[in-house]
Amino acid sequence: MGTEVKGLLKKGKSRIVLLVADGVGGAPHPDFGGKTELEYAVTPNLDALAKKSVLGLMLPVNHGITPGSGPGHIGLFGYDPEELQIGRGVLEALGVGLALKEGDVAARANFATQDAQKVIIDRRAGRLATEECQRIVEMLAREIQEIDGVEIILKPGKEHRFVLILRGEGLGDQVKDTDPQKEGYRAHEPQALDEKSEKTAKILKAFLEKAHALLRNEPKANAILLRGFSQPPVLEKFPERYGLQALAIAIYPMYKGIARLFGFDTPDVEGELKDEVAYLEKSWEQYDFFFLHYKDTDKAGEDGDFAKKVKCIEYLDTFIPRILALQPDVLVITGDHSTPSILRGHSWHPSPVLLYSPFAGSDDAARFTERACKNGYLGQFPAHFLMNLILANALRLGKFGA
Ligand code: ZN
């Protein structure tokens, strides 16, 4: 991870805002004059801010790597996403709003349809309706609460998906997926891949037996497939690592969940960006690091809706004056990865980043766009170095070496 900054930390009173517009970076679109979403949007406030900030491009993980939102945020929080990984089961659990404890084992689960020979004939149980999934998961949760002293926690997701958590002593997460990945095969037995995970496999086996007995009369959802067994990573929490009182303001459970893993305070904030900014204002005195997450840019990009993503960026722009009115010592605006509408999904493109602080200097750029950022003072750098830059500009880092 490069230079360990912990030994350099200084106490301070400076306040920092990290505004993450999820997937804000884009790519030129031929239907919109070869512009990106940021270029096409009308953003007077971001333009004015860009003029007095330094700009650059950040690699969320590494060159050519398209990250999920997990690795994207790990980098932004200053941890190397190639070293610290969050398992799929854990992410799924965070996504449905489950709080994980150290030692929990989480898995992505889904209902499937099997025939009398236990051959999986539909891995998605006919894309079960979400309400059906809720009904069945509630029934299972009522009937199976504990096995051999291990608590069983179940929570429905969308359609055929749900989350399973095992909570108890001495569990490992090295268990092979039971999902055969293809129809026409039987589900695998939960098989431990190391000694520490044998108890986990045993509990899972017992769980599946009980659950399948309870599901035997379900017409579609008569089998369960499990994958992505994982435990929350053991890590040095963000507030200790950086000596900051950290608050996460996010609406979506996934981002709140990731921030909670890193030790941020994660209050329930409901509504939309307007409510998030209001929350920022009202908590200004209590914290010194604010992670503010705006999801809609990513959603529009994933939908391939260029015009909508432009609108989201323009909407975000209207809140910049309110954030600046708080007089943050450092304000960073960036994304956790790019989500170009033209690709309808996350991409490998570096994220544009803007850093504003009285000590940062200025690129005198006319706008905050990918192309302006390419010419920026910060150059192109791995996202997990952003925290160093933030801390330095917040005057919270001392000298390295004598
Ligand atoms: Zn994202």
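Reader: Why is Arg396 called buried?
Author: In this predicted model, Arg396 has a relative accessible area of 2%. Buried means under 20%. So Arg396 counts as buried.

Reader: What makes the pairing of Arg396 and Asp288 a salt bridge?
Author: The N to O distance is 3.3 Å. The cut-off is 4 Å, from a side-chain nitrogen of Lys or Arg to a carboxyl oxygen of Asp or Glu. The pair is therefore a salt bridge.

Reader: Which parts does this pair of Arg396 and Asp288 tie together?
Author: Arg396 lies in the segment after helix H14. Asp288 sits in the loop between helix H9 and strand S10. The two parts are 108 residues apart in sequence.

Reader: Is Asp288 buried or exposed?
Author: Buried, because its relative accessible area is 13% and the limit is under 20%.

Reader: How do you know that Arg161 and Glu159 form a salt bridge?
Author: Their closest N and O atoms are 3.8 Å apart. That is within 4 Å, so the pair qualifies.

Reader: Why are Arg161 and Glu159 called partly exposed?
Author: Arg161 has 29% relative accessibility, and Glu159 has 27%. Buried is under 20% and exposed is over 50%. Both values fall in between, so both residues are partly exposed.

Reader: What links Lys295 and Asp298?
Author: A salt bridge, with the closest N and O atoms 2.9 Å apart. Both Lys295 and Asp298 are buried.

Reader: How many salt bridges does the structure hold?
Author: It holds 20.

Reader: Which residues coordinate the zinc ion?
Author: Asp22, Ser69, Asp336 and His337, with Asp22 listed for two OD contacts. The distances run from 2.1 to 2.8 Å. The donor cut-off for this metal is 2.8 Å, so these atoms count as donors. Among them, Ser69 in helix H3 and Asp336 in the loop between strand S11 and S12 are 267 residues apart.

Reader: What makes Ser69 and Asp336 buried?
Author: Ser69 has a relative accessible area of 10%. Asp336 has 1%. Both are under 20%, so both count as buried.

Reader: What joins the side chains of Ser357 and Asn393?
Author: A polar contact of 3.3 Å. Ser357 counts as buried because its relative accessibility is 3%.

Reader: Why is Leu343 called partly exposed?
Author: Its relative accessible area is 40%. That lies between 20% and 50%, so the label holds.

Notes:
Residues numbered from 1 in each chain as written. Predicted model: local features only at pLDDT ≥ 70, side-chain atom pairs only at ≥ 80, totals over all residues. Heavy atoms only, no water. Buried < 20%, exposed > 50% of the residue type's maximum accessible area, 1.4 Å probe, protein only. Polar contact = N/O pair within 3.5 Å; in protein donor to acceptor, adjacent residues only side chain to side chain. Donors = N, O, S within 2.8 Å, 3.2 Å for Na, K, Ca; no water. Helix = DSSP H or I, 4+ residues; strand = E, 2+ residues; numbered from the N terminus.
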